[in-house]
Amino acid sequence: KTGSISRPKTAAVRTITSTVGEALVSARGLQKSFGDRQVMKNVDFDMLVGDITVIIGKSGSGKSTLLRALAGLTEPDDGRIMFDGEVVFEDQKRTPMWQEVDSYIGMIFQSYTLWPHMDVAKNLVLAPMKKLGLGKDEAMERAKKSLAEVGMSQHLHSRPAQLSGGERQRAAIARALMMSPKLLLCDEITSALDPPVAAEVLGVLRRLKEEEGIAVALVTHDMAFASKAADRLVFFHEGEIAVNTTPDEAFNRSDNPELKKFVDAVR
Ligand code: ADP
Ligand code: MG
């Protein structure tokens, strides 16, 4: 299924061929240390098109480091990353293919996601004008479409300070959508929100993955969402993926003692 927001022909990027159920991202043997602290120890991780992968685990277990490595914000010390069947990281560096796929990867953070001195429209059109070479009118048209997708049409010219936390995160999702991403990496984007507002933001993500056929990775402490909406559940423990299965299996049948401890602690 193709997304409703199509990519402009001007962008010199690869056409993504992975379809629903196929691996969009495939990481093998990722390692990362900060000083003598091993933050990722041999991490293998796949993400399928059309899946929401929820990542849980204690603070400091390496969740953000994995997302940042996939987004190109952190360089692993070792391992390999494939995107759409092509090697994008190997031998401790990004390959030339990285340049052709990185605009398909969007990352959203817990806070500071929008430029405070620009209105929502300006926040949205900036990257596609610069990176995809869109003209201003075309970019504005896309901004309107993206905002409509997250139910924020009325806020085209609002400033971030005028928005609630949930609205800000929905605007951040809209901004990511401007690039027609295939991969959305969401790092605790609802952690600062009240539960009903968080649920609304997560609902937007769920609808998007269904309608746009993108792969979503979501770091969250929201166990209700994890068990209800995740297709895969990944539990990080001390830099390793300790559990990687369906949410039902993870929450109801896993005998991993660390996972049990973690779930009891956040519930
Ligand atoms: P999580 O997202 O699961 O809380 P992180 O991936 O952010 O964990 O961090 C894992 C560990 O790596 C933490 O101990 C953190 O302090 C450390 N770390 C992360 N980024 C850096 C950095 N840039 N420099 C030094 N240490 C870092
Ligand atoms: Mg983190």
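This is a short tour of the structure, stop by stop.

The model is predicted, so local features need pLDDT of at least 70 and side-chain atom pairs count only at pLDDT 80 or more, while totals for chains, interfaces and linings use all residues. Residues are numbered from 1 along each chain as its sequence is written, and chains are lettered from A and ligands numbered from 1 in the order in which they are written.

**Stop 1**

Helices are DSSP runs of H or I with at least four residues, strands are runs of E with at least two, and both are numbered from the N terminus.

**Stop 2: the hairpin and its sheet**

Stay with Phe-34. It stands opposite Arg-37 in S2. Now select strand S1 (residues 23-34) and strand S2 (residues 37-48): they run antiparallel, joined by eight bridges. Two strands pair if DSSP finds at least two bridges between them. S1 and S2 form a hairpin with two residues between them. In the turn, Gly-35 has a positive phi of about 60°.

Widen the view. The open sheet has five strands in the order S2-S1-S4-S5-S6, with antiparallel pairing. Its edge strands, S2 and S6 (93-94), each pair on one side only. Strand S4 (residues 78-83) is joined to S1 by five bridges. Find Ser-26: its bridge partner in S4 is Met-82.

**Stop 3: helix H5**

Select residues 165-177, helix H5. Is H5 enclosed or open? It is largely enclosed by the rest of the structure, because 11 of its 13 residues are buried. Buried means 20 or more other C-beta atoms within 10 Å of a residue's own, exposed means 12 or fewer, and partly exposed lies in between; C-beta atoms are placed from the backbone. The buried residues include Glu-167, Ile-173 and Leu-177.

**Stop 4: two loops**

Move to Ser-180, in the loop between H5 and S8. Its phi is near 45°, positive in a residue other than glycine. Ser-180 counts as buried, with 25 C-beta neighbours inside 10 Å.

Finish at Gln-92, in the loop between strand S5 (86-90) and S6. Its phi is also positive, about 65°. Gln-92 is exposed, with 11 other C-beta atoms within 10 Å.

Note on methods
The expected span of a helix is 1.5 Å times one less than its number of residues.
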